[in-house]
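Hi everyone, thanks for making time this morning.

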Amino acid sequence: MDMPDNIIYLPLEGVDSEHCAMIVDKGLDEVKAVTAHRVELNNNRAVITTTDAPVALPAAVQKIRGLGYGVTTVKQSFPVTGMSCASCAASSQDVLMMQQGVVNAAVNYANGNGTVEYIPTINSPQKLKSALQSVGYDLILNEGNEETDTIEAIQQKHYSQLKKRTFWAIALSVPLVVIGMVPLLMEMWWANYAMWALATPVVLFFGRQFFSGAYRQARHKSANMDTLVAVSTGTAYLFSVFNTLFPQVWHNRGLHAHVYFEAAAVVIAFILLGKLLEEKAKGSTSSAIKNLMGLQPKTVTIITETGQEEVPVADLNIGDRILVKPGEKIAVDGEVISGGSFVDESMISGEPIAVEKTKGSTVYAGTINQKGSFTFKAQKVGSQTLLSQIIKTVQDAQGSKAPVQRLVDKVAGIFVPVVIILALITLAVWLIFGGENSLTHGLLAMITVLVIACPCALGLATPTAIMVGVGKGAQNGILIKDAQSLETAKKVNAVVLDKTGTITEGKPKVVAVKWFAEEKEEYTNILYTIEKSSEHPLGDAIARYLSNKAQFINNITIQNIEGRGVEAAYNGKIYSIGNSALTQKRSINLDGEVNDWMQDKLNKANTVVLFCNDNEVLCGIAIADTIKGTSVKAIKQLQDEGIEVYMLTGDNSETAAAVAADTGIKNYRAGVLPQEKLEFISQLQQKGKTVAMVGDGINDSAALAQADVGIAMGKGSDIAMDVASITLISGDLLKVPQAIQLSAKTVATIRQNLFWAFIYNIIGIPLAAGVLYPVNGFLLSPMIAGAAMALSSVSVVSNSLLLKMKKI
């Protein structure tokens, strides 16, 4: 049974004494819209009587939490369907906020999700779903992967349907325009009927979404682009139908019965095209979450008392012993109890070198085992794993970032009712002061006002500029996902860079080889064979370096020395390659020359390995993740533009300091975890900075989502590219300042487009209303109004095309 609207029962946490109850009760005195309240200690709840529950509930919960006590709530995210514009998100959000027991609600049009915090004893997801359905929207309640699959299927179906409607609307509009613009055809007796037949499916079938959207907006006493499209095209269509069926009404008054079927149809076709471009640019944000979830295997092999058994990941419990075979993904977080291998943790840490795992080492879900095998004990399963936390962080960051408030929708909320009122005022003025032809002139003037206020140019202003801007970006290796990034990037005054794969190449590479003994072909072949046979990722780097000048030897016996390197026996001699600890173990002296060379390379944050025989160091090899050739120039360009540059890396402080020194970065942090990257960006944003995050790994995905502009390197992970709003195909940092320049020029073009779109309305509406008629007898006809509308569209498209010639 539902409670009365004016009474709210808040389940309390931590209110365990009369003193606590008194504090809460007194604190509620300050909450507006609360007329009476009391705390029931026995029932552990606060009873509030209010005149306005949607206002009082959030305020009461905030007040109670501010006093140090809790209110039991549930916070969930659901896909919201049926939205066609940003105003729909605001409308559906308002509906959710009005429901009983809802503390807070936020609907994100960009990713199609709604996040709702509610009191579970008062409301439920099913009730929220019903509330949205009552106003034309819907809530998907499936959970887990099914939810992602469902929303993706709905989005794909919507895009396919929109694409078909756009195609047919354009196809039918072309012959319509031909008939309407060729005088010889227009004089044919069948012309009006042919245009009527062509326009009807465009307006009433392919454009029906605008009329249904306008109806929903009207029910909520608001207006948006749907309203503008529906009013103008509907008026032009109905007026044309009337003139087709009853032309004598105008002929008897000495006027020609013009039809405007082509105007109505072309408007629908253009707006549909704009919607299609918007949907294509926006893409599917849910795919990022799906790809993250795909890092976890579906099944695992566990070791039981009876042997090995394959079980679903969902059935794992803490303490289970899990066998990981070569090449397999690790399912959950845990601790190695036997065996050993190297594990690629780049999706977690962003660092390119696989990490050695031995007994006692920690392993993480989503990381990939290399060539060895081991058994580990599950310590965190389900939502507790690091991978799950990254997924949750990405979801929260994406959901918390509101979509850009489109200027067109903002203005339309005021513009539409103003135009309708002006049209009605125009009719009324003509009826009162128009003389004997007042009705004729009044109707024509009213229709002309509505036709000239057609939002075709408004609908094209943003999509055409975006289309040209995105195309120009693609030509320069910059892929832009949505209009939000284009509008925001120009404001960027702080750029946060990941190190590995962003500033650097992202993979270990031999940067120096020093022979302390005579370089012999036999030594080179032995070194190559050892490293070619090694499982260590540094060995791969050395093997690649030697691959063109060495040959593999088959009769070498190789033994791994845990944590130190590798030993090999060949022709009765022992060779080794590894760190200085291995040379000390073998009692090989490091003379001054070797020591000096090692220290020089270590000071440059290189990893040093030594190749030795029985009694001496034969050569030293320095390995590093090298800085990209254009990184220094790109960072300088950003700094010269007054943009602050920060480097965040999960690598050690020595390596970070060396990279920062070589690239001219003054602000950097080392040993940073994914969550800490997100928090650092949040801190910059709280200081008023507009932040761009540039990264390439899964560990960067949460920070990319949190940043005002997320920029992914094209050679990085798919997750980073899905979350980011801009992707640099080549992974060249020089594209970052170019992207900012492109943003500035595209936004300028959009603003110019909107100016041209509005200037016709500002000048044209008074002319259409007949403001010059008392002065010189001039009365703008609907035909000229339609031409003016077309001219505004041409000016907008032409201005967008000029962007192609601008240099970035």
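The accessible surface of this protein comes to about 36,500 Å², and 55% of that belongs to carbon and sulfur atoms. Accessible areas here come from the Shrake-Rupley method with a 1.4 Å probe, and for residues only the protein chains shown count as cover.

A word on the source: this is a predicted model, where local features need pLDDT of at least 70 and side-chain atom pairs count only at pLDDT 80 or more, while totals for chains, interfaces and linings use all residues. Residues are numbered from 1 along each chain as its sequence is written, and side-chain values use heavy atoms, leaving out hydrogens and water.

Of the 808 residues, 51% count as buried, meaning under 20% relative accessible area, with exposed being over 50% and partly exposed in between. The protein has 31 helices and 29 strands; these are DSSP runs numbered from the N terminus, helices being H or I with at least four residues and strands E with at least two.

Now, which residues form a nonpolar patch on the surface? Among them are Ile170, Val182, Trp189 and Phe246, and the whole patch has about 1,100 Å² of accessible area together. Patch residues have over 30% relative accessible area and no salt bridge; nonpolar side chains (Val, Leu, Ile, Met, Phe, Trp, Tyr) are joined within 5 Å, and like charges within 9 Å. A salt bridge is a side-chain nitrogen of Lys or Arg within 4 Å of a carboxyl oxygen of Asp or Glu.

Helices α5 (145–181) and α9 (225–245) each supply at least two patch residues, and the largest share, three residues, comes from α5. Valine 182 sits in the loop between α5 and α6 (183–186). Why does valine 182 count as partly exposed? Because its relative accessibility is 31%.

Let's move to the sheet. Six strands make an open, antiparallel sheet in the order β19-β24-β23-β22-β21-β20. Its edge strands, β19 (509–515) and β20 (557–561), each pair on one side only; pairing takes at least two DSSP bridges between two strands. Five bridges join β20 to the antiparallel β21 (residues 565–570), and isoleucine 558 has alanine 568 in β21 as its bridge partner.

Finally, helix α23 (residues 592–603) packs on the sheet, touching β19, β23 and β24, where contact means heavy atoms within 4.5 Å.

Technical notes: Buried < 20%, exposed > 50% of the residue type's maximum accessible area, 1.4 Å probe, protein only. Axes fitted to C-alpha atoms, helices over the stretch in contact; angles between N-to-C directions.
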